[in-house]
Amino acid sequence: MLTKSSTELVRQRNSVLVLSVLRRHGALAHTEISDFTGLSSATISAITADLERAQIIEKSEQQAASGRGRPRVLLRQRRDCGYLIVVIISSDAVQYSLVDYAGKLIDRFSEERSHDPSGAGRFVEGVRAGLSRILDRSRITQEKVLLISISSKGLVDSTEPVLVWSPIFGSDQIDFESALRPDWQAKVILDNETLLVAAALGAREEIVKGADFRSLAALSLGHSIGLGIVRRGGQTGQEVSAPNFGHMLHMAGGGLCRCGTRGCIEAYAGFYAILRSAFEVPLDTIPAKFVPVAELDKIAAKARQGHHTSAFAFRQAGLALGNGLSRMLSLTERMPIAITGPGTRYYDLLRQGIEEGLGQSHIVRMEGMPEIRIVPEEPILVFEGHLNRALSVIDQDIVVSGVQGGE
């Protein structure tokens, strides 16, 4: 026999399911929601009535194309139910996006990130100013912001919005929850950027393949090297992780990495590593914190023209990436690899080394080379990953607080 609390949990879970279906498919009629969720018509009626009363969803009418007959009544999220701010921290800029509850982008701007040696404290001040600015531009009050979703390359705490290590600030940790209180009451979440890329690719893949989707890895190439892995889960949906791939050991006692250790994959495959190798700079030289893409383009142009040292720098980077991927596949399973990030523009120069490195793996020799896809639109994937995760969190929070508050 179901207790009152267990009945409430079932109702909340079903309400979140309805909201997720509306988010995935757009405005739907009552019967369509029932079809997509597998819930009975009576259950859908009760849930949508609660959600509408709590001003989480609203009705709209759609006239038939013929102009005849009664219009269809559709249900959809109320755009003004609440708002989300997405903050994407990259090597040279911070992007702020304001999104409504229906997932529509309202405003966006980017600010160049100062390479001020004063570090994390000054950076946090800039983030606070950026958050206030995006609200001022749209004349939305802080109380209407339900969640602030932040992403960065590096290591993030698995339970709290704490940036543990990053290529920008090193070991200067940033606790975004503490940094934004008490000015902001919105929930704050933080994710590794490549984890969000993998999650977005996994969501796309599942739409296409459905139950046939198993797993996929996203390899991000740029100033930093990141990896995200997404696998099909059971009742909990997809499982996404971001192992510290760029700082896995490639060569003991090798080149100096930005993390302070030697021989990391990134110390051979990051933009600063390719620059260092192309100019035959000693491997113990302190890595540059930021290398403009234009500088890599010049090295790539020389490599394509047959310049041996420049070509070797890219091949060496590819070999480090391939060796790392071969270890990853040995520990997990054979899966497609999507290569993203600004480094995709050099894939023609990296390919030979990547395939050579992969070919040294027993699983690749036994089962063949994994499928490799080039997916250059990384910024779009990062934003998609933010929306998928953040709006799902908002849906769950708003069902618990909004529906109960509306009763």
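This report walks through a sheet, a hairpin and a helix pair in a predicted model.

Residues are numbered from 1 along each chain as its sequence is written. In this predicted model, local features need pLDDT of at least 70 and side-chain atom pairs count only at pLDDT 80 or more, while totals for chains, interfaces and linings use all residues; side-chain values use heavy atoms, leaving out hydrogens and water.

Let's start with the strands (DSSP E runs of at least two residues, numbered from the N terminus, as are helices, which are H or I runs of at least four). Three of them make an open, antiparallel sheet in the order 1-3-2. Its edges are strand 1 (28–29) and strand 2 (57–62), each pairing on one side only. Two strands pair if DSSP finds at least two bridges between them.

| Strands | Bridges | Residues standing opposite |
|---|---|---|
| strand 2 and strand 3 (residues 72–77) | six bridges | Glu61 and Val73 |
| strand 5 (residues 93–100) and strand 6 (residues 105–112) | seven bridges | Tyr96 and Phe109 |

Strands 5 and 6 form a hairpin with four residues between them, and Gly103 in the turn has a positive phi of about 85°.

Now for the helices. Helix 9 (residues 293–304) packs against helix 10 (residues 308–331) at an angle of about 110°, with axes 7 Å apart; the axes are lines fitted to C-alpha atoms over the stretch in contact, and angles run from 0 to 180 degrees between N-to-C directions. The two helices are therefore roughly perpendicular (65 to 115 degrees). Leu296, Ile299, Ala300, Lys302 and Ala303 of helix 9 meet Ser310, Ala311 and Phe314 of helix 10 in this contact (heavy atoms within 4.5 Å).

Conventions. Parallel < 35°, antiparallel > 145°, perpendicular 65-115°, else oblique.
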